[in-house]
Amino acid sequence: MQYDFYKSPLFRVYTEIEDGRMRMKTSGAASILIRKTLEKNLSIFEGEKPAKVEADRLICSTWMPPVPSKGFDRLVKSQVFSILGKMIPDQVTISVTEECPNNCIHCALPDTKNRKKLTPEIVKSTIDQVLEMGTTFLIFDGGEPLTYPDLEELIRYVNPEKAITGMFTSGVGLTEERASNLKESGLYSLTVSFDSAYEDKHDHVRGRKGVFKSAVEAVKNGIKAGLLVNIYVVLSRDNVNELEELYALSSELGVHELSFYEIVPTGRWMDHASEIMTPKDMRKFENFVSGAREKEGPRIFPIPQVMKTTGCMAGRKWLHITPEGDILPCACIPIPYGNVHRDRIKDVWKKIREDPAYNAKCCLMRNPEFREKYLKLSE
């Protein structure tokens with residue numbers, strides 16, 4: 001089966017599924033030139049498992065619109081613009097509320113103690129603005145977004161022909177009925193956080209007992225409701241020795257994808273810059289990813305490896321809105337460039353793009369020079 005990423009009279013970019021892996025191919029008169037131009041982009045998919053293969057569409061990843069779809073066509077257009085030097089915030093996370101039953105050690109959301117939340121009207125205005133800018137993935141985040149009473153209304157508001165919707169959750173409160181309601185409202189993907197494959201350890205990181213069981217139930221309920229389900233792991237020195245166990249848990253639960261993001265010294269973990277992953281830890285992770293690609297089980301999305309190809313996506317491909325309405329380059333960079341209550345997001349994005357810092361090759365919040373210059377942190 002072939003799935004077209006892009007097709008024109010001069011060239012075609014498509015993938016074929018061979019032995020459960022994506023094989024990226026090009027054809028047409030301009031094929032050689034185009035393949036060379038797109039080499040880095042295509043390398044992200046080449047040889048990888050898709051999250052799900054359906055008769056009429058391909059789910060490359062829970063982080064992307066399906067192929068084919070109008071949302072995916074918009075994403076391709078965005079990538080073309082980026083090659084030409086014009087960046088679009090493909091992925092926008094909206095933290096709709098600070099409310100959360102947990103107390104996670106590494107939470108990126110600052111402890112404002114205000115229990116702020118965005119009104120549905122402000123969120124809808126935000127959605128309108130970023131969709132007009134070209135966004136293709138809208139993520140509802142928190143706090144715990146399941147505590148937000150108008151969540152389903154907001155999901156329904158997003159035009160599915162322009163963007164897919166996702167939700168980041170600890171799993172607390174995701175009953176079978178709520179999962180079904182979210183699916184009916186149009187939620188595309190569900191991302192459930194796991195900090196450990198072991199119950200006691202996960203609950204310790206999350207700040208209270210019972211969260212692990214809630215996360216497991218959330219995954220099961222999401223799958224039962226027909227949602228695409230992704231397990232999200234913040235990779236740290238504390239769980240880098242659990243990679244096989246996390247993969248086994250993901251396989252057992254039947255999720256579509258297992259995503260890893262390297263821990264960032266921000267939020268409650270701001271003062272831990274000296275405790276980030278070591279080169280030895282990263283080699284262990286890279287060896288695991290290579291081995292997992294050959295196993296039966298969910299797709300692996302290794303964000304640290306992908307960022308070696310894409311560079312830091314803060315303020316280039318990512319944008320974040322806090323419950324106070326502050327507009328940040330990403331959820332991990334606590335530098336407001338504007339606020340949705342008073343500023344047009346398009347204008348704020350322009351301001352961010354005018355700062356050359358947001359063309360970085362590596363995560364800015366792990367960069368001592370950036371932290372000292374922008375956050376006045378000397379480490």
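**View 1. Two domains, side by side in one chain.** The centres of domain 1 and domain 2, taken over C-alpha atoms, are separated by 24 Å. This is a predicted model, and its chain is divided into domain 1 (2-83) and domain 2 (84-375). To follow how the two parts meet, look for the 29 residues of domain 1 that are in contact with 42 residues of domain 2.

**View 2. The largest pocket.** Here we turn to an open space with a volume of about 1,400 Å³. Which residues lie nearest the centre of the largest pocket? They are N41, I44, Q79, S82 and T310, out of 44 residues that line the pocket. The elements that give two or more residues to this lining are β1 (2-7), α1 (31-37), α2 (39-43), α3 (70-83), β12 (299-302) and α11 (303-310). Of these, α3 gives the most, with 7 residues. Both domains take part: the lining draws at least three residues from each of domain 1 and domain 2. By class, the lining residues of the largest pocket divide into 26 nonpolar, 11 polar and 7 charged.

**View 3. The second largest pocket.** About 1,100 Å³ of space lies in this pocket. It is lined by 47 residues, and C107, A108, L109, D141 and G142 are the closest to its centre.

**View 4. An open sheet of 3 strands.** Follow the strands in the order β1-β2-β3, and you will find that their pairing is antiparallel. Why is one side of β1 and of β3 (21-27) left without a neighbour in the sheet? These two strands stand at the edges and each has a single partner strand, so one side of each has no neighbour there. Neighbouring strands of the sheet are turned against each other by 25 degrees on average, direction ignored.

**View 5. Pairing between β2 and β3.** Moving in on the sheet, we meet strand β2 (residues 12-18), which pairs with β3 in the antiparallel sense over 7 bridges.

Key:
Residues numbered from 1 in each chain as written. Predicted model: local features only at pLDDT ≥ 70, side-chain atom pairs only at ≥ 80, totals over all residues. Heavy atoms only, no water. 1 Å grid on protein atoms, 1.4 Å probe; cavity = no way out; pocket = protein on both sides within 12 Å on 5 of 7 lines; lining within 4 Å. Points joined across faces, edges and corners; volume = space filled by probe spheres on them. Helix = DSSP H or I, 4+ residues; strand = E, 2+ residues; numbered from the N terminus. Nonpolar A, V, L, I, M, F, W, Y, C, P; charged D, E, K, R; others polar. Domains from an automatic or database assignment. Pairing = 2+ DSSP bridges. Axes fitted to C-alpha atoms, helices over the stretch in contact; angles between N-to-C directions. Contact = heavy atoms within 4.5 Å.
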